[in-house]
Amino acid sequence: MGVVTYDYESTSPVAPSRLFKAFTVEAPKVWPTAAPNAVKSIEVEANPSSGSIVKINFVEGLPFQYMKHQIGGHDENNFSYSYDLIEGGPLGDKLEKISYENKFEAAAGGGSICKSSMKFYTVGDNVITEDEIKALIKGSEGVYKPVEAYLLANPESCN
C-alpha cells in the first residue's frame with residue numbers, strides 16, 4: 001500500500017461558517033436540494049459525529065451509485081472537519097480509502113479560502129497520478145459548486 005498526499009485550495013464568495021455547516025451538519029438537507037442532478041439523498045448513522053458513517057446516494061446516470069464516509073471530526077470553532085471515504089465512489093480496486101482534512105478560512109476581501117489535504121491510500125502496487133487526482137477534484141465540483149450557488153441564492157440557509 002502506498003500513500004499519496006495532495007493539497008488543494010480554492011476560494012468562495014460564501015462565508016466560512018455557512019460553508020462549514022453546508023458541508024457538515026446540514027449536508028443531508030442542503031446537498032439534495034442544492035445539487036438534485038447529483039445527490040439523491042444522504043443517510044447519517046445517528047448524529048453526525050466522530051466515527052459515524054454517512055452514505056451519500058447519487059442520482060442514476062452518474063459514474064457512482066453511492067459513497068460512504070466515516071467522520072473523523074468536526075471543529076465548529078475553526079470551521080474544519082475530517083473524514084475518510086471508505087466505500088463506493090471513486091475507490092474501485094485501486095484505492096483502499098481517501099482521507100480528507102478540510103478547513104474554511106475567512107478571505108481578506110470577504111468569502112472563504114477552502115483548504116483541503118487529501119491522502120490517497122492505494123491497494124497493493126497501484127499508483128494514483130496527479131491527473132487522476134485532479135479529475136476526482138473536478139468531479140466533486142458537481143456538488144460543491146451547486147451548494148455554493150444555493151447558499152448565495154438563499155442567504156438565510158446555514159446561518
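Q: Between which strands is the loop that holds Gly 89?
A: The structure is a predicted model, in which local features need pLDDT of at least 70, side-chain atom pairs count only at pLDDT 80 or more, and totals for chains, interfaces and linings use all residues. Residues are numbered from 1 along each chain as its sequence is written, and side-chain values use heavy atoms, with hydrogens and water left out. Helices (H or I, at least four residues) and strands (E, at least two) are DSSP runs, numbered from the N terminus. Gly 89 is found in the loop between strand S5 (80-88) and strand S6 (95-106).

Q: Is Gly 89 buried or exposed?
A: Buried means under 20% relative accessible area, exposed over 50%, and partly exposed in between (1.4 Å probe, protein chains only). Gly 89 has a relative accessible area of 14%, and therefore counts as buried.

Q: Which residues does Gly 89 touch, not counting those up to four places away in sequence?
A: Contact means heavy atoms within 4.5 Å. With residues up to four places away in sequence set aside, Gly 89 touches Phe 64, Tyr 66 and Met 67.

Q: Which residue in S4 stands opposite Ile 56?
A: Two strands pair if DSSP finds at least two bridges between them. S3 and strand S4 (residues 66-75) run antiparallel and are joined by 5 bridges. In S4, the residue opposite Ile 56 is Met 67.

Q: What is the bridge partner of Val 44 in S3?
A: Strand S2 (residues 39-44) and strand S3 (residues 53-58) run antiparallel, with 5 bridges joining them. Val 44 has as its bridge partner in S3 the residue Val 54.

Q: Which helix gives the most residues to the lining of the largest pocket?
A: On a 1 Å grid over the protein atoms alone, a pocket is an open set of points where a 1.4 Å probe fits, with protein on both sides within 12 Å along at least five of seven lines; lining residues have an atom within 4 Å of a point. The largest pocket holds about 1100 Å³ of space (the space filled by probe spheres set on the points, which are joined across faces, edges and corners). It is lined by 46 residues, of which Trp 31, Met 67, Tyr 83, Ser 140 and Val 143 are the closest to its centre. With 11 residues, the most is given to this lining by helix H3.

Q: How many of the 8 residues of helix H1 are buried?
A: Helix H1 (residues 16-23) is mostly covered. Among its buried residues are Leu 19 and Phe 23, and Phe 23 is in contact with Trp 31, Tyr 81, Phe 104, Tyr 144 and Val 147, leaving aside neighbours within four places in sequence. Of the 8 residues in H1, the number buried is 6.

Q: What is the relative accessible area of Cys 158?
A: Cys 158 lies in the segment after H3 and has a positive phi of about 60° although it is not a glycine. Cys 158 is buried because its relative accessible area is 3%.
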